[in-house]
Amino acid sequence: MNLLEVSGLTKRYESFLLDEVSFSLEPGYIMGFIGRNGAGKTTTMKAMLNLIHKDSGEVFVNGKNFTENETACKKEIGFVMGEFDCYKKSSLRRITEVTKRFYDDWDEKAYQDYLRRFSLDENKKISELSAGMRVKYALTLALSHQAKLLILDEPTSGLDPVSRDDLLDVFRAVIEDGTCSILFSTHIISDLEKCADFITYIKNGRILASQDVDSFRENYLLVSGDREQLEEKKPYLIGAKVHAFGFTGLCLKRNAERFSDCRTAPADLESIMIYTEQEGVYEESAV
């Protein structure tokens with residue numbers, strides 16, 4: 001049974017449509033949620049959690065319909081949306097005392113372990129923490145009530161590379177027993193390369209792909225060739241950049257034979273996103 005199932009999730013705004021978003025996540029995995037700013041990642045997460053009203057669609061958490069069992073479902077979810085940015089004059093200790101009353105399965109030992117791991121001082125006020133430490137505190141709360149599903153919106157923003165790497169170790173440890181899963185959005189694609197099992201890619205409110213990372217990458221090839229070849233290759237390129245020595249771009253692997261006279265290489269996640277968002281616009285770029 002899927003731990004998370006999103007089906008036909010739709011939200012209409014005057015200038016944006018979240019268009020029948022569907023994807024699922026089994027227990028024991030990490031799913032990266034990617035797309036450029038404004039693509040619909042945060043809107044999807046908020047609509048999933050009923051933080052904004054959805055126009056249609058269903059969300060199931062651990063087999064339960066979220067709309068019909070909202071309180072029970074939320075107890076199984078740890079949600080972090082960027083840095084912790086409220087109750088700035090309150091101490092961490094005071095905020096924790098209030099927060100843990102809402103969770104029957106609050107794990108005090110886990111909470112104290114994460115405080116030590118993230119070097120958090122309970123006596124400090126939120127206003128005294130850096131942006132990175134606020135993120136760590138929000139994650140500490142989310143990880144301390146035995147949540148089965150972590151939904152994290154830009155959890156590594158504001159963290160230095162060492163802290164980000166430590167956090168990814170935490171993510172891997174959380175899913176190790178095969179009962180918990182993590183859905184997180186990020187613009188730091190290198191983080192996904194290190195820890196994500198699945199990728200869900202959203203563009204302009206629609207899901208372009210939702211599959212395991214290896215299969216997703218294997219759909220594409222990076223290609224490069226001479227300027228003279230570009231006109232012939234354009235119909236088969238997803239996106240490309242022209243430079244002094246020719247062009248570099250992205251194609252679907254099924255079109256590889258069209259580029260047999262070009263140089264090819266496996267595509268990484270960041271390149272796939274860059275060229276997909278470029279949508280065939282050929283820009284001159286300095287080399």
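Predicted model: local features only at pLDDT ≥ 70, side-chain atom pairs only at ≥ 80, totals over all residues.

Reader: How do you know that the span of helix α6 agrees with what a helix should give?

Author: Helix α6 runs over residues 161-174, which is 14 residues, and at 1.5 Å a residue it should span 20 Å. The expected span is 1.5 Å times one less than the number of residues. The end C-alpha atoms of α6 are 20 Å apart, and therefore the two values agree.

Reader: What makes you say that the buried residues of α6 line one face?

Author: The buried residues of α6 are Ser-163, Arg-164, Leu-167, Leu-168, Val-170, Phe-171 and Val-174. Seen down the axis of α6, they fall within an arc of 155°, so they line one face of the helix. On the other side, Pro-161 and Val-162 are exposed. The cover over the buried residues includes strands β3 (30-34), β7 (149-153) and β8 (181-185), together with helices α4 (108-117), α5 (131-142) and α7 (189-195).

Reader: What caps the N-terminal end of α6?

Author: The cap is Asp-160, which has a side-chain oxygen 3.0 Å from the backbone nitrogen of Val-162. The cut-off for a polar contact is 3.5 Å, and the value for Asp-160 is 3.0 Å.

Reader: Why is Phe-171 called buried?

Author: A residue counts as buried when its relative accessible area is under 20%, and Phe-171 has 0%, so it counts as buried. Phe-171 is found in helix α6, and, leaving out residues up to four places away in sequence, it touches Ile-30, Leu-139, Leu-152, Pro-155, Ile-182 and Phe-184. Phe-171 and Ser-181 are 10 residues apart in sequence, and their C-alpha atoms are 9.0 Å apart in space.

Reader: Why does Leu-3 count as buried?

Author: Leu-3 lies in the segment before β1 (4-12), and because its relative accessibility is 2%, it counts as buried. Beyond residues up to four places away in sequence, Leu-3 touches several others, among them Leu-25, Phe-60, Val-61, Leu-149 and Cys-180. It also touches Thr-179, which is 176 residues away in sequence and 8.7 Å away in space, C-alpha to C-alpha.

Reader: How many aromatic pairs are there, and what makes the pair of Phe-23 and Phe-33 tilted?

Author: The count comes to 7 aromatic pairs. Phe-23 and Phe-33 form a pair with 5.8 Å from centre to centre and 40° between the planes, and it is tilted. Planes under 30 degrees apart would be stacked and over 60 edge-to-face, so the rest count as tilted. The pair links distant parts of the chain, with Phe-23 in strand β2 (residues 17-25) and Phe-33 in strand β3, 10 residues apart. Phe-23 is buried, with a relative accessible area of 5%, and Phe-33 is buried as well, with 0%.

Reader: Why is the pair of Tyr-201 and Phe-216 called edge-to-face?

Author: The ring centres of Tyr-201 and Phe-216 are 6.4 Å apart and their planes stand at 80°, so the pair is edge-to-face. Tyr-201 lies in strand β9 (residues 198-203) and Phe-216 in helix α8 (residues 213-218), so the pair ties together parts 15 residues apart in sequence. Both residues are buried, and together with Tyr-220 they form one aromatic cluster.

Reader: Is Lys-203 buried or exposed, and what does its side chain reach?

Author: Lys-203, in strand β9, has 11% relative accessibility and therefore counts as buried. Its side chain reaches the backbone oxygen of Thr-276 at 3.0 Å.

Terms used. Residues numbered from 1 in each chain as written. Heavy atoms only, no water. Helix = DSSP H or I, 4+ residues; strand = E, 2+ residues; numbered from the N terminus. Buried < 20%, exposed > 50% of the residue type's maximum accessible area, 1.4 Å probe, protein only. Arc of directions from axis to C-beta. Contact = heavy atoms within 4.5 Å. Polar contact = N/O pair within 3.5 Å; in protein donor to acceptor, adjacent residues only side chain to side chain. Phe/Tyr/Trp six-rings, centres within 6.5 Å; stacked < 30°, edge-to-face > 60°.
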